[in-house]
Amino acid sequence: MKVQLPPAIARLLGSATIRRSQNWRGCRKIISATSLHVCTQTLFSRTDDAFFATWCPRMTPDTIRLTVNGKVHDIAVAPATPLLYVLRNDLELNGAKFGCGLGECGACTVVIDGVAARSCVVPVGSCTQRHITTLEGLGTRERLDPLQAAFIENQAAQCGYCLNGMIMTAKALLLRNAHPSEREIREALRYNLCRCGTHVEIINAVMAAAGRQPSSGSDRDAAI
Ligand code: FES
Ligand code: FES
């Protein structure tokens, strides 16, 4: 299905319409938020350097140095590319998930310099000189991070799609506060979505990793 483009964007792209894709609704929001560069790479099959050099200088491939899980990588990529795409497609680190692509669900969360960040809306060009930790950087199968062990112990998963975000957001919390209260845990995770409704087990897992006892059922239900 063809979608009519707004005149300003049509002028930039040299085309009045594009083919509709699954990402169109989300990307329309991004366009309106002026992140046109990301959208052009995501939506339009214009990947030639000349096109981007002319119309979208930030989409022209550049060599970006990234430090991920302690390893340094030099990657030829346009600076405006979302960090999530580079992690998954270039570095084959698939812990971070694509959920909404809009910074709203938390599935793509990584830790950058100790702070939880939504990698679907972080341009890779802003990540040089920073230390990025992904889920793969926490522990191994043989030596799990205590947080990962607590999630397993508490059976805190159904489909598992949200878990990367839950774990990485909780990890950032525990890095700045090793023994957060239940209220602080809830506050930290409040913008991470779990469509399966595993919230109680997830909170219990983070409480266990923080060295706290899960609250009683009535307290818990009141706080959910
Ligand atoms: S995929 Fe990044 S917040 Fe949803
Ligand atoms: S366990 Fe399925 S979305 Fe959270």
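Angles between axes under 35 degrees count as roughly parallel, over 145 as roughly antiparallel, 65 to 115 as roughly perpendicular, and the rest as oblique. Axes here are lines fitted to C-alpha atoms, for helices over the stretch in contact, with angles running from 0 to 180 degrees between N-to-C directions.

Colleagues, this is a predicted model, in which local features need pLDDT of at least 70 and side-chain atom pairs count only at pLDDT 80 or more, while totals for chains, interfaces and linings use all residues. Residues are numbered from 1 along each chain as its sequence is written.

I turn to one helix pair, helices being DSSP runs (H or I, at least four residues) and strands likewise (E, at least two), numbered from the N terminus. The axes of α6 and α9 come within 8 Å and cross at roughly 135°; the two helices are therefore oblique to each other. Residues in contact have C-beta atoms, placed from the backbone, within 7 Å. On α6 the contact involves Pro 146, Leu 147, Ala 150, Phe 151 and Glu 153, and on α9 it involves Ala 205, Ala 208 and Ala 209.

Next, two loop residues. Asp 113 lies between β5 and β6, and its phi is near 50°, a positive value in a residue other than glycine. Gln 155, in the loop between α6 and α7, also is not a glycine and has a positive phi of about 50°. Are these residues buried (20 or more other C-beta atoms within 10 Å), exposed (12 or fewer) or partly exposed (in between)? Asp 113 is exposed, with 12 such atoms, and Gln 155 is exposed, with 11.

Definitions and conventions: Chains are lettered from A and ligands numbered from 1 in the order in which they are written. Two residues are in contact if their C-beta atoms, placed from the backbone, lie within 7 Å.
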